[in-house]
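Hi,

Here is the structure I promised to pass on.

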Amino acid sequence: MISMINRLQDALGSAGLSYNLLLPQIAVVGGQSSGKTSVLENFVGRDFLPRGTGIVTRRPLVLQLHHSDKEYGQFLHCRGKKFIDFDEIRQEIEADTKKLTGTKKGISPVPIHLCIFSPNVLNLTLVDLPGITKVPVGDQPSDIEYQVRDMIMQYICKDNCLILAVTPANMDLANSDALKLAKDVDPKGQRTIGVITMLDLMDKGTDAREILENRLLPLRRGYIGLVNRSQRDIEGKKDINSALQTEKEFFLSHPAYRHMCDRMGTPYLQRTLNQQLTSHIRDSLPALNGHLQSLLTSISKDVETYKLYNPDDSICRTKTLIRHVLQLSGDFEKLMQGSGDQVNTTNLSGGARINQIFHERFPYLLNEMKCDEKKLRMEIGYAIRNIHGVRTGMFTPDMAFQAIVKKQISKLKIPCFAFVDMVCKELLSTISECFSKLSSFPRLQEEMERLVTTEIREQERTCREQISLLIDMQLAYINTNHEDFTQAQHGASSGVQQVIHKGWLAINKISLSPKDYWFILTAESLSWYKDNEATEKMYMLPLDNLKIRDVERSFMSSKFAFALFHSESRNVYKAHKFLELLCNTQEELDIWKSSLLRAGVYPEEVTVDPQLERQVETIRNLVDSYMDIIHKTVKDLMPKAIMHLMINNVKEFISSELLARLYALGDSSALMDESPEQRQHRQQVLDKHAALQAALDIIGEISTSGHVVVAPSDPGFTAGRQASAALPKKSTTGGKSRTRNRAPPVPGHALPGPTCVPRRPAPPAPISK
């Protein structure tokens, strides 16, 4: 199991993936000078780690221990090179650390991978993390404490990480930084292993028995005590094997620890970590396999695309060019027609946005073209009087109607051209969204975008010309024989009252409080109803001799008011000389005043010619009727023109002409040069895919072979059982088949001494029914 994880570390680390994967591992956490380095060196039996003051470990060290007949070390970044001299291993760690972090005391989260092969080790994988610090020293940044804490948390917060919390015995356990960090991420202590170092340095008369018996701050996996080499021993080059013998004698002779000597010391810690990591790996294997499968699936589509492209093959370049042009055509078609594989559920896109312009924004632009009523009536009056000249006209002149209508039609060019601009803008935005997929080939993206944008601008110019022509055609002939126009005239001559305006108004000073009614204004009367269905009429007020007057808005009122009164001082409504009406906004007030002006209700200070006003009102109504026809026509024709001249032509250009235009540029092969970023990304994706596939193959080998990792023998200690078989073996007891995980004994270092660890009794056989 541990060998498998080591192989996974190597396979995934080569593609830079191991930092983000939930690989089962043991993280070594502790403060500076807590003895972490000594613990790891005792495992190996060699001095190979940098030592000194301050933060010595400035990058995570992924240490893989492999039981082997020969003794040497290998780095992942120095593949193929074997380090026989362990002093060279220390120098390489220091050199590679400086290469990434510089000569200052800064840190980096990029790990160093080191494999140690030795006959003196058990299969084990640990991650040595920088020591916890509080105060920056020398050139260290002021936030070094938080940088170290964040780096440690990146590892220990993962559920698949066992935490080896190292605390010196001469420190109060309640102040242990390692245990505090471990408790933050593992509050129940289920994956934390406590290590108490420097037990021989405690003051006389004191001991750590209560801690080691797991009674002071209980952990599910307990505590293990160690005795490290002193600084004098290290400087005196004391042999680690001698130090281990001294450690063993210390526990056997110390009265506080003699009864638990079988559960103390470096060999026991190494065996315990081997057993627990093996069991932890076995439990985490299904989730790890699923995670790797998920990652592999997420990049499989990109991998298939990248495998098809060979930058050194001209035929492959040509195929890729054609494929990207076809893909652009298909993507544009899908965005326009709304048949894409992925439907946007957050906002409108592509064809839906253009459809919104067709049927919502363009009609709104046309409605915004409604002119000032007072100004329009004045223009009609001037037109009538100028056409009559010195004569007094008895009839309404047709030429006045045509002059006003043509002027109104000419104004339609403004919203129509704005309509073209909006569609063109959305079209460019949509095609730009398609071009974003070509970022891998910047030259191709640039040329395609230039050609398509030029085509869109050309079609925009053609579309403007055609729309201008359509407006000119409307100006060329005023069709007064249009069916809808003649019906409107017939309705007016037959006495059918045309509704000029309708809406809610409140009548003031008639009752105790203003009450809202539904008002309908025609050319003859003003009526109001209880509801907007106009089912129950309250009153109908004739407009003859009515005038309108502004009402000053009171300080406390939020309404806008105007009043109607009779020019001959008669009562307007029942016993009231005037009728005061209230609106909610200034805009509503202006609309009602303009509508009343159309109906012949003028301000009190204005004197008018009744005959001229009747002619103005006639032409005004005819202009409205004819412009309604023009608006319907324009609303129908403009989207059709845009669709035909812009969208369909651009679509045809992309699918039929774009490829030929690209080849006409000359060096079409140069268009397929990848950007440096894309080249690097493509290689990273392919490496990632290969690493994930290799990792899954490794897991598959273990899952199908039932391979059992056998640790080296230890004649000094008789170890307990190790749950390490990848696939459980079946045994039959009492006629019933049951599954039992069996593994060979797990020995440790070859140290002389009595056997301290008794074998566990075998579990009882199940009782047959």
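Let's begin with I654. Setting aside neighbours within four places in sequence, I654 is in contact (heavy atoms within 4.5 Å) with V325, L328, S329, F332, I431 and V452. I654 sits in helix α18, residues 610–664; helices here are DSSP runs of H or I with at least four residues, strands are runs of E with at least two, and both are numbered from the N terminus. With a relative accessible area of 1%, I654 is buried. For that term, buried means under 20% relative accessible area, exposed means over 50%, and partly exposed is in between, using a 1.4 Å probe and protein chains only. I654 and E333 are 321 residues apart in sequence, yet their C-alpha atoms are 9.9 Å apart in space.

Some housekeeping before the rest. This is a predicted model, so local features need pLDDT of at least 70 and side-chain atom pairs count only at pLDDT 80 or more, while totals for chains, interfaces and linings use all residues. Residues are numbered from 1 along each chain as its sequence is written, and side-chain values use heavy atoms, with hydrogens and water left out.

As an overview, the protein has 19 helices and 18 strands. Of its 769 residues, 47% are buried. Among contacts with a separation of 6 or more, 74% are between residues 24 or more positions apart.

Now the helix packing. Axes are lines fitted to C-alpha atoms (for helices, over the stretch in contact), and angles run from 0 to 180 degrees between N-to-C directions. Angles under 35 degrees count as roughly parallel, over 145 as roughly antiparallel, 65 to 115 as roughly perpendicular, and the rest as oblique.

Helix α10 (residues 314–337) packs against helix α14 (residues 413–435) at about 135°, with the axes 9 Å apart. That angle makes α10 oblique to α14. On the α10 side the contact uses L328, D331, F332, L335 and M336, and on the α14 side L427, T430, I431, E433, C434 and F435. By class, that contact has 8 nonpolar, 1 polar and 2 charged residues. Here Ala, Val, Leu, Ile, Met, Phe, Trp, Tyr, Cys and Pro count as nonpolar, Asp, Glu, Lys and Arg as charged, and the others, Gly among them, as polar.

The residues involved include I357, F358, F362 and L365 of α11 and F419, M422, V423 and L427 of α14. The contact divides into 13 nonpolar, 2 polar and 3 charged residues.

Further along, helix α13 (residues 398–410) and α15 pack at about 175°, with their axes 10 Å apart. The two are therefore roughly antiparallel. K406, I409 and S410 in α13 meet I471, Q474 and L475 in α15, giving 3 nonpolar, 2 polar and 1 charged residues. Helix α15 covers residues 442–476 and also holds E449, which is partly exposed at 31% relative accessibility.

Helix α2 (residues 36–44) is mostly covered, with 9 of its 9 residues buried. Among them are K36 and E41. Just after α2, G45 takes a positive phi of about 85°.

Last, the aromatics. Rings of Phe, Tyr and Trp (its six-membered ring) pair if their centres lie within 6.5 Å; planes under 30 degrees apart count as stacked, over 60 as edge-to-face and the rest as tilted. By this rule there are 14 aromatic pairs. F75 and F83 have ring centres 5.2 Å apart and planes at 85°, so the pair is edge-to-face. F75 is buried at 3% relative accessible area, and F83 is buried at 1%. F250 and Y257 form a tilted pair, 6.0 Å centre to centre with 40° between the planes, and both are buried. Ring pairs also link F519, W528, Y539 and Y573 into a cluster.

Cheers
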